[in-house]
Amino acid sequence: MIDKKFAEHFAHDWIDSWNSHDIDRILAHYSDRFEMSSPIIAQIAGEPSGTLKGKEAVGAYWRKALALIPDLRFELLAILTGVDSITLYYRSPRGLAAEVLHFGPDHNVIKAYAHYAH
């Protein structure tokens with residue numbers, strides 16, 4: 001069960017990691033075998049399914065994305081807590097976004113789903 005204290009700590013560290021553009025710090029939140037789904041994966045990584053599997057594949061995608069958006073900055077707007085997941089609602093360079101993050105027993109992210117406002 002995800003508690004409020006864990007969710008808040010994770011959310012602020014996640015945002016700070018992205019704002020630092022430190023890919024190793026960002027990837028430290030994730031399991032080696034995690035899966036990431038995002039409509040932007042199809043655009044940047046060329047994967048038509050919009051899903052990448054494994055830290056190595058997602059890391060390569062994120063490196064490319066960070067290079068394309070060198071001034072990337074996220075602003076946390078809300079933290080929503082579930083049973084084994086949290087949703088982070090934030091402002092990004094593309095506008096409003098939400099990421100649903102599912103955690104394994106070690107509290108690393110095993111699945112992530114990104115959503116963007118149109």
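These legends describe close-up views of a predicted model. Residues are numbered from 1 along each chain as its sequence is written, and side-chain values use heavy atoms, with hydrogens and water left out. In this predicted model, local features need pLDDT of at least 70 and side-chain atom pairs count only at pLDDT 80 or more, while totals for chains, interfaces and linings use all residues.

View 1. Six strands form an open sheet of mixed pairing, in the order β2-β1-β6-β5-β4-β3. Strands (E, at least two residues) and helices (H or I, at least four residues) are DSSP runs, numbered from the N terminus. β2 and β3 (75–81) are the edge strands, each pairing on one side only; two strands pair if DSSP finds at least two bridges between them. From one strand to the next, the twist averages 20°.

**View 2. The pairing of β1 with β6.** Strand β6 (residues 109–116) and β1 pair in the parallel sense over 4 bridges. M36 has A112 in β6 as its bridge partner.

**View 3. Helices lying across the sheet.** α1 lies across β1, β3, β4, β5 (95–103) and β6, and runs at about 150° to β3. α4 lies across β1 and β2, at about 60° to β1. Axes are lines fitted to C-alpha atoms, for helices over the stretch in contact (heavy atoms within 4.5 Å). Angles run from 0 to 180 degrees between N-to-C directions.

**View 4. Helix α4 and its buried side.** V58, G59, Y61, W62, A65 and L66 of α4 are buried (under 20% relative accessible area; exposed is over 50%, partly exposed in between; 1.4 Å probe, protein chains only). They cover an arc of only 165° around the axis, which puts them on the same side of α4; the arc is that of the directions from the helix axis to the C-beta atoms. These buried residues pack against α1 (4–20), α2 (23–27), β1 (30–37), α3 (39–44) and β2 (51–53). The face turned away from the buried side carries the exposed residues E56, A67 and L68.

**View 5. S92 in strand β4.** S92 lies in β4 (residues 85–92). Its relative accessibility is 11%, so S92 counts as buried. Not counting residues up to four places away in sequence, S92 touches R73, F74 and A97.

**View 6. Two loop histidines with positive phi.** H21, in the loop between α1 and α2, has a phi near 65°, a positive value in a residue other than glycine. H21 is partly exposed, at 25% relative accessibility. H107, in the loop between β5 and β6, has a positive phi of about 65° although it is not a glycine. H107 is partly exposed, at 36% relative accessible area.
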